[in-house]
Amino acid sequence: MGTKRLTSSTPQSTSSTPQWNYDVFLSFRGDDTRKSFTGHLYSALKQNGIFTFKDNEKLERGKPISLKLWKAIEGSKVVIVILSKNYASSMWCVNELTKIIECVKEIELTVLPVFYDVDPVDVRKQTGPFAQAFASRKT
(Lines give C-alpha, C1' and ligand atoms only; values in the text may rest on other atoms or scores of the structure.)
Protein backbone atom coordinates (compact mmCIF):
# COMPACT_ATOMS: atom_id res chain seq x y z
CA MET A 1 0.00 0.00 0.00
CA GLY A 2 1.45 3.38 -0.99
CA THR A 3 1.58 6.37 1.30
CA LYS A 4 -0.77 9.23 0.52
CA ARG A 5 0.47 12.69 1.32
CA LEU A 6 -1.74 15.70 1.87
CA THR A 7 -1.45 17.67 -1.33
CA SER A 8 -2.13 21.25 -0.32
CA SER A 9 0.73 23.67 -0.82
CA THR A 10 3.40 24.25 1.77
CA PRO A 11 4.20 27.72 3.14
CA GLN A 12 6.85 29.75 1.38
CA SER A 13 10.00 30.81 3.17
CA THR A 14 12.51 33.37 1.98
CA SER A 15 14.89 30.86 0.44
CA SER A 16 13.04 27.60 -0.20
CA THR A 17 9.84 25.68 0.31
CA PRO A 18 10.01 23.53 3.45
CA GLN A 19 9.14 19.85 3.20
CA TRP A 20 6.64 18.40 5.63
CA ASN A 21 7.80 15.42 7.67
CA TYR A 22 4.24 14.48 8.68
CA ASP A 23 0.81 15.01 7.23
CA VAL A 24 -0.77 15.05 10.70
CA PHE A 25 0.46 15.56 14.28
CA LEU A 26 -1.82 14.27 17.05
CA SER A 27 -1.89 16.27 20.29
CA PHE A 28 -3.71 14.46 23.08
CA ARG A 29 -3.75 13.59 26.78
CA GLY A 30 -2.51 10.00 26.84
CA ASP A 31 -4.35 8.93 29.98
CA ASP A 32 -7.65 10.14 28.51
CA THR A 33 -7.57 8.91 24.92
CA ARG A 34 -4.42 6.94 23.95
CA LYS A 35 -6.11 3.52 24.05
CA SER A 36 -9.50 4.72 22.85
CA PHE A 37 -10.25 7.61 20.49
CA THR A 38 -6.66 8.61 19.66
CA GLY A 39 -5.61 5.02 19.08
CA HIS A 40 -8.52 4.43 16.71
CA LEU A 41 -7.96 7.75 14.90
CA TYR A 42 -4.25 7.01 14.45
CA SER A 43 -5.03 3.55 13.06
CA ALA A 44 -7.58 4.95 10.61
CA LEU A 45 -5.21 7.66 9.39
CA LYS A 46 -2.40 5.14 8.99
CA GLN A 47 -4.64 2.65 7.15
CA ASN A 48 -5.51 5.42 4.69
CA GLY A 49 -1.85 6.20 4.07
CA ILE A 50 -1.80 9.49 5.98
CA PHE A 51 1.64 9.86 7.56
CA THR A 52 0.85 10.70 11.19
CA PHE A 53 2.95 11.50 14.27
CA LYS A 54 1.66 10.11 17.56
CA ASP A 55 3.99 10.10 20.52
CA ASN A 56 4.07 6.60 21.96
CA GLU A 57 6.12 7.37 25.02
CA LYS A 58 4.74 7.76 28.51
CA LEU A 59 5.78 11.29 29.36
CA GLU A 60 7.25 11.79 32.79
CA ARG A 61 5.88 14.54 34.96
CA GLY A 62 8.23 17.50 35.33
CA LYS A 63 10.41 16.57 32.34
CA PRO A 64 10.74 19.12 29.54
CA ILE A 65 9.09 18.36 26.22
CA SER A 66 11.56 16.71 23.92
CA LEU A 67 13.05 18.37 20.89
CA LYS A 68 11.60 15.46 18.92
CA LEU A 69 8.07 16.70 19.69
CA TRP A 70 8.91 20.31 18.76
CA LYS A 71 10.38 19.18 15.43
CA ALA A 72 7.38 16.95 14.75
CA ILE A 73 4.98 19.86 15.34
CA GLU A 74 7.04 22.18 13.14
CA GLY A 75 7.27 19.51 10.44
CA SER A 76 3.56 18.75 10.25
CA LYS A 77 1.03 20.13 7.81
CA VAL A 78 -1.99 19.62 10.09
CA VAL A 79 -2.36 19.23 13.86
CA ILE A 80 -5.36 17.51 15.37
CA VAL A 81 -5.76 18.60 18.99
CA ILE A 82 -7.92 16.15 20.91
CA LEU A 83 -9.29 18.22 23.77
CA SER A 84 -10.39 15.89 26.55
CA LYS A 85 -11.41 16.60 30.13
CA ASN A 86 -7.87 16.35 31.48
CA TYR A 87 -6.01 17.86 28.50
CA ALA A 88 -5.49 21.24 30.18
CA SER A 89 -4.37 19.65 33.46
CA SER A 90 -1.25 18.31 31.72
CA MET A 91 1.67 20.74 31.54
CA TRP A 92 2.94 18.70 28.57
CA CYS A 93 -0.31 19.29 26.69
CA VAL A 94 -0.38 22.99 27.54
CA ASN A 95 3.25 23.41 26.41
CA GLU A 96 2.52 21.45 23.24
CA LEU A 97 -0.52 23.64 22.54
CA THR A 98 1.59 26.77 23.07
CA LYS A 99 4.08 25.50 20.46
CA ILE A 100 1.22 24.66 18.11
CA ILE A 101 -0.17 28.21 18.41
CA GLU A 102 3.30 29.64 17.69
CA CYS A 103 3.47 27.50 14.54
CA VAL A 104 0.00 28.62 13.45
CA LYS A 105 1.34 32.18 13.41
CA GLU A 106 4.77 31.41 11.93
CA ILE A 107 4.15 28.72 9.31
CA GLU A 108 0.38 28.80 8.84
CA LEU A 109 -0.10 25.41 10.47
CA THR A 110 -3.66 24.10 10.20
CA VAL A 111 -5.24 23.01 13.48
CA LEU A 112 -8.33 20.85 13.79
CA PRO A 113 -9.80 20.66 17.30
CA VAL A 114 -11.67 17.56 18.42
CA PHE A 115 -13.78 17.86 21.56
CA TYR A 116 -13.67 14.43 23.20
CA ASP A 117 -16.09 14.07 26.11
CA VAL A 118 -15.81 17.79 26.84
CA ASP A 119 -18.13 20.68 26.01
CA PRO A 120 -16.61 23.13 23.51
CA VAL A 121 -18.05 25.98 25.61
CA ASP A 122 -15.94 24.82 28.58
CA VAL A 123 -12.84 25.04 26.40
CA ARG A 124 -13.68 28.38 24.81
CA LYS A 125 -14.75 30.08 28.07
CA GLN A 126 -12.39 28.10 30.30
CA THR A 127 -15.16 26.81 32.53
CA GLY A 128 -15.72 23.35 34.00
CA PRO A 129 -12.66 21.06 33.93
CA PHE A 130 -10.65 23.59 31.92
CA ALA A 131 -11.23 26.35 34.49
CA GLN A 132 -10.18 23.97 37.27
CA ALA A 133 -7.01 23.00 35.42
CA PHE A 134 -5.95 26.58 34.78
CA ALA A 135 -6.90 27.71 38.31
CA SER A 136 -4.70 24.98 39.81
CA ARG A 137 -1.72 26.33 37.82
CA LYS A 138 -2.06 29.79 39.37
CA THR A 139 -1.58 28.50 42.91
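Which residues of H2 are buried? Hi everyone, let's start there. The buried residues of H2 are Thr 38, Gly 39, Leu 41 and Leu 45, where buried means under 20% relative accessible area, exposed over 50%, and partly exposed in between, with a 1.4 Å probe and protein chains only. Seen down the axis of H2, these buried residues fall within an arc of 165°, so they line one face of the helix. That arc is taken over the directions from the helix axis to the C-beta atoms. On the other side of H2, His 40 and Gln 47 are exposed.

A quick word on the model. It is predicted, so local features need pLDDT of at least 70 and side-chain atom pairs count only at pLDDT 80 or more, while totals for chains, interfaces and linings use all residues. Residues are numbered from 1 along each chain as its sequence is written, and side-chain values use heavy atoms, with hydrogens and water left out. As for names, helices (H or I, at least four residues) and strands (E, at least two) are DSSP runs, numbered from the N terminus.

What do the buried residues of H2 pack against? They pack against S1, helix H1 (30-33), S2 and S3, with contact meaning heavy atoms within 4.5 Å. Just after H2, Gly 49 takes a positive phi of about 75°.

Now to the aromatic rings. Rings of Phe, Tyr and Trp (its six-membered ring) pair if their centres lie within 6.5 Å; planes under 30 degrees apart count as stacked, over 60 as edge-to-face and the rest as tilted. By this rule the count comes to 4 aromatic pairs. One of them is stacked: Tyr 22 with Phe 51, at 5.1 Å centre to centre and 10° between the planes. Tyr 22 lies in strand S1 and Phe 51 in the loop between helix H2 (37-47) and S2, so this pair ties together parts that are 29 residues apart in sequence. Phe 51 is partly exposed, with a relative accessible area of 38%. The rings of Tyr 22 and Phe 53 have centres 5.2 Å apart and planes at 70°, so that pair is edge-to-face. Both Tyr 22 and Phe 53 are buried. Ring pairs link Tyr 22, Phe 25, Phe 51 and Phe 53 into a cluster.

Last stop, H3. Its buried residues are Leu 69, Ala 72 and Ile 73. Down the axis of H3 they fall within an arc of 100°, so they line one face of the helix. They pack against strand S1 (22-27), strand S2 (52-53), strand S3 (76-83) and H4.
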